[in-house]
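Please examine the model shown below before reading on. The paragraphs that follow lead through its helix packing, its backbone geometry and its confidence values.

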Amino acid sequence: MDARAQALEELYTERFVPFRNALATVTGSRESARDAVQEGFARALAERHRYRDEAPLAAWVWKIAFRVALETKKRPLALPLEDSADPQLLEPERHPELNAALRRLPPRRRLIVFLRYFGDFSYAEIAAACDVSEGTIAATLAQAHTELRAAMTPEGAAR
Amino acid sequence: MIDTIDLELRERFAPLIDRVDDSDWLEVRPPRRSLRAPLAIAAALALTVAVAAPAVGLPHRVVRLFSDAKPAPAPVAKSFTDFDQIVSADLAAAPRQVLTAQAGPGEAATLWVAPTTTGGFCSLVKLRLRDGSAEGAGGECEPRAEVLSVDVTLHGPFTAAGKVLGGPVLILGYAGQPAADSLRLEFEDGDAATIPLVWVSKPVQTAFFVYAVPERHWRAGHLPTTITLRTSAGKELARDEITGIP
């Protein structure tokens, strides 16, 4: 097995569950998210010669798997791709307060939050996955944090 | 400040995290599309195409009757089933072995194909290495055959600069044109090779090829430059430029 294939296998072993959980917010179920991760890694393996080392491998694979997930939704894709998703919690009724707070965030910001807390992505990885600077991600997350915290206080929730 | 909020939110999300691990790398690895790299290759290592079907038709082309081809063994058939589940290919029949090609000394590549209900096909190539081990060498599901599709698979080490240090290096793919007879591969050093096709009959109706790149064509100055799909009369049907290995 070549070095890139080895690196992909290691990434898969380490990050399969976070990838699947983050993608489940896009596909709507754990099963379809699993399929998207499997197909995403399979495509990444097949196209590994296209990977350039300047971006984190996790971000590169995420982009592929994310596209697969969007394809399964059979919705027209927009550019940037992040704007094509409307990610949400899998069982929103079980977490009404958090869900309501998350729904107040624009879809792109919500996706970044899910990448951070479900996908376990670093700021650098999210930045590469979304094709923006790390500073932009830090700012976006700070803004999302503020909005979520405000929305989850009794006063905020009542808004 | 951000760290504090980050921790706060991490705690908030923690109970929502599904920790069930249903990963399976083997499901990802075997039935895979190969590297879709620009092509390469040469002449020397002759392709040994083993087919049991009647050899009829065009000079460089062997016709393989799908219904007469050997059914795939259970592990290969399972790979197709797994693949089917991943890409929803909707297979119309069980996979069959359509060609075996020499991949190097003591090494062989075998290609299996299964038709899909949409008129396309899924294919899978496995490589048996000289140490007795086996590994996937590519595979794909196509809703409809293109005129020419070519992949390169590398099964040995290569440097970050792209220098191939070991083989096998395979060129494989398919041609959807019924009039296709052969492929001509040209190289930087002026060499050329003819790659025969194996035409698989209905319901697949596509020609396949697997070709092992001779070692002398793994390095700069000797790499392939162009692959051309031709009729028996020499008419060009399709062409792909080759930019190097890998």
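Which residues in α1(A) meet which residues in α2(A)? From α1(A) come A:A5, A:L8, A:Y12, A:F16, A:F19, A:R20, A:L23, A:A24 and A:T27, and from α2(A) come A:R30, A:S32, A:A33, A:R34, A:A36, A:V37, A:F41, A:A44 and A:L45. Two residues are in contact if their C-beta atoms, placed from the backbone, lie within 7 Å. By class, this contact of α1(A) with α2(A) has 13 nonpolar, two polar and three charged residues; Ala, Val, Leu, Ile, Met, Phe, Trp, Tyr, Cys and Pro count as nonpolar, Asp, Glu, Lys and Arg as charged, and the others, Gly among them, as polar.

The structure is a predicted model, in which local features need pLDDT of at least 70 and side-chain atom pairs count only at pLDDT 80 or more, while totals for chains, interfaces and linings use all residues. Residues are numbered from 1 along each chain as its sequence is written, and chains are lettered from A and ligands numbered from 1 in the order in which they are written. Helices (H or I, at least four residues) and strands (E, at least two) are DSSP runs, numbered from the N terminus.

In chain A, helix α1 (residues 3-27) and helix α2 (residues 30-46) pack at an angle of about 145 degrees, their axes being 8 Å apart. Axes are lines fitted to C-alpha atoms, for helices over the stretch in contact, and angles run from 0 to 180 degrees between N-to-C directions. The crossing of α1(A) and α2(A) is right-handed, the term for a near helix turned clockwise from the far one by less than a right angle, with anticlockwise being left-handed.

A second pair in chain A consists of helix α5 (residues 107-117) and helix α6 (residues 123-130), which pack at an angle of about 140 degrees with axes 10 Å apart. That angle makes α5(A) oblique to α6(A), since angles under 35 degrees count as roughly parallel, over 145 as roughly antiparallel, 65 to 115 as roughly perpendicular and the rest as oblique. The crossing of α5(A) past α6(A) is right-handed. Here A:I112, A:L115 and A:R116 in α5(A) meet A:I126, A:A129 and A:C130 in α6(A); by class, the contact has five nonpolar, no polar and one charged residues.

The loop between α5 and α6 of chain A holds A:D120, which has a positive phi of about 60 degrees although it is not a glycine. A:D120 counts as partly exposed because it has 18 C-beta neighbours inside 10 Å; a residue is buried with 20 or more other C-beta atoms within 10 Å of its own, exposed with 12 or fewer, and partly exposed in between, C-beta atoms being placed from the backbone.

Chain B has three helices and 13 strands, and 44% of its 246 residues count as buried. In the loop between β10 (192-200) and β11 (206-212) of chain B lies B:P203, joined to B:K202 by a cis peptide bond with omega of about 5 degrees. B:Q205 lies in the loop between β10 and β11 of chain B and has a positive phi near 50 degrees. Most residues other than glycine have a negative phi, and most peptide bonds are trans.

The mean pLDDT of chain B is 77, and 75% of its residues reach 70 or more; pLDDT is the predictor's confidence in each residue, from 0 to 100. Over residues 30-56 of chain B the pLDDT is below 50. Where pLDDT is low, the predicted coordinates should not be read in detail.
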